Amino acid sequence: GPVVVWFRDDLRVSDHPALRAAVDSGAPVLPVYVVDDSGHGARPLGAASRWWLHHSLAALSASLEKRGARLVLREGDAEEEIRAVLRRSGASRLLMDRRYAAAEREQDQRVQRLAEQAGAEVESFTGSLLHEPGAVLNGDGERFGVFSPFFRALQRQGDPREPLPAPQRIAGWEGSVHSEALDDLRLLPTSPDWSGGMAETWEPGEKGAHRRLDGFVRDHLRHYAAHRDEPAADVSSRLSAHLKFGELSPYQVWHRVAAADATEEVRTKFLTELAWREFDYDLLERGHALEQENVHRQFDRFPWADVDQDVLRAWQRGRTGIPLVDAGMRQLWHTGWMHNRVRMVVASFLVKNLRYDWRLGEQWFWDTLVDADPANNPAQWQWVAGSGADAAPFFRVFNPVTQGHKFDPAGEYIAEWVPELRDLDAKGRQEPWTVPDDLAAAAEGTGLPAYPSPVVDLKASRQAALDAYAEMRG
Ligand code: FAD
């Protein structure tokens, strides 16, 4: 029977250890992807991620087809679907790159058992991370709770392995098992179709991922260390969704950046961010239900404020009256992505100024980000909230106006995403309430609804957050 390659977070053909092993075995190859919304394995994808997945599967399918193999698409509980594929094809082996969330690992173990019962050999590989969680340990043989020593230990392990080349030809299995048509998986939004801004911004799939990496190394990498915190400069790699779906591997990114013509400082700064991803996955793999449980359990007692749905909606849609927050939330809504510095600011605003449970923000990001990641998203929300591993202390409350002055001094980013403020000067863009007459005049010109006044007083809400924190600490 064929060798089944089960694709999950690795929608690529180059540097794909499981696919490589399948091709090298000489047996016919049967590639499979399962869209599983059952909640028994992977966390069901949000809407923006489903849009991305559709296009990524289209690209993967075409790439496999060109090489000689047909991608089988299934829908349902992955355990059931893989069982059916193994049985109908009489598979001799099942190969896959590993996943790390607790529910994913448990599902993989169930699948392994049933495959072995059916007489198929099972093997899994490290494809999505530079190290297996648990392989980077401190002097006492324990996992790291803090990032910096984790990163140093990762660096001491030396260069990660070289990426594997893509197979030129794949001997596709000639038999047939049922495959859904991609369109029938209903991954794309229908009415209304809100994906226009995403389609303008992104090219999902392996080719697009490498184009993005090439462009980043050529045009932006050398500015990365100095300007990565400036949303208008926009010098970060924008590889996050490509990495999340595994359209390129961290090995490919690491080696490309390590070999680039850039200063040591720049390279290290970038590789540090890649290592945060490793750190978040290390945390996820310990079995935390990261999107539900506070890593620091004392936050279970945090006195969150009652949610005013209108205010929550204003945050979601970028109408809080705080320009940098609104610019970020509108960038997210329109493109499915937000600059990292601004993610920290909008998250701090929700968790501290509005004092809403971080899970509400995590859930909104999960639904709207194209890079919504089961490790990074909850880990970074908890980082902002102060409840995470190696988190920012809760009492360090960002002032979103000061952050705007500091990282978007001319208000260019604000002007791009909040057109109501475009005609104001730099100070007015950051603090429109100080220039009510100009604001009214600016709104008249655009025909847009008037820009709102702040939904919350920054000073008073900061104090309320600190009081709530003191209350939690008892
Ligand atoms: P670059 O600066 O070019 O970084 C390169 C890669 O390193 C990224 O693609 C990403 O894979 C990784 N990385 C960068 N910063 C971080 C970080 N702080 N933590 C973990 N990994 C990082 N990142 C996600 O990939 N998915 C998420 O769902 C996600 N949610 C976030 C939520 C909040 C509240 C915050 C504050 C951050 C979140 N991040 C998330 C981290 C970070 O904002 C994004 O990875 C980054 O903005 C993506 O842009 P980039 O690819 O241009 O990043």
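1. Helix H5 (residues 147-156) packs against H11 at an angle of about 105 degrees, and their axes are 10 Å apart. Axes here are lines fitted to C-alpha atoms, for helices over the stretch in contact, with angles running from 0 to 180 degrees between N-to-C directions. H5 and H11 are therefore roughly perpendicular to each other (65 to 115 degrees counts as roughly perpendicular). Helices are DSSP runs of H or I with at least four residues, strands are runs of E with at least two, and both are numbered from the N terminus.

2. A word on the model itself, before going on. It is predicted: local features need pLDDT of at least 70, side-chain atom pairs count only at pLDDT 80 or more, and totals for chains, interfaces and linings use all residues. Residues are numbered from 1 along each chain as its sequence is written.

3. H5 brings Phe147, Phe150, Phe151 and Leu154 to the contact, and H11 brings Thr272, Ala275, Trp276, Glu278 and Phe279; residues are in contact if their C-beta atoms, placed from the backbone, lie within 7 Å. By class, that gives seven nonpolar residues, one polar and one charged. Ala, Val, Leu, Ile, Met, Phe, Trp, Tyr, Cys and Pro count as nonpolar, Asp, Glu, Lys and Arg as charged, and the others, Gly among them, as polar.

4. The ligand site is worth a look. The ligand is surrounded by 27 residues, the closest being Ser236, Ser237, Ser240, Asn377 and Gln380 (a residue is near a molecule if its C-beta atom, placed from the backbone, lies within 6 Å of it). Helices H9 (240-244), H11 (264-285), H14 (340-353) and H16 (376-385) each supply at least two residues of this shell. The shell divides into eleven nonpolar, seven polar and nine charged residues. Domain 2 (129-161 + 207-287) and domain 3 (297-473) each contribute at least three residues to it; domain bounds come from an automatic or database domain assignment.

5. On to domain 1 (3-128). In the interface, 15 residues of domain 1 are in contact with 16 residues of domain 2. Helix H2 (residues 47-67) gives the largest share of the domain 1 side, four residues.

6. Lastly, the sheet. Five strands form an open, parallel sheet in the order E3-E2-E1-E4-E5, where strands pair if DSSP finds at least two bridges between them. Strands E3 (72-75) and E5 (121-125) stand at the edges with a single partner strand each, so one side of each is left without a neighbour in the sheet. The twist averages 25 degrees from one strand to the next.

Technical notes: Contact = placed C-beta atoms within 7 Å. Parallel < 35°, antiparallel > 145°, perpendicular 65-115°, else oblique.
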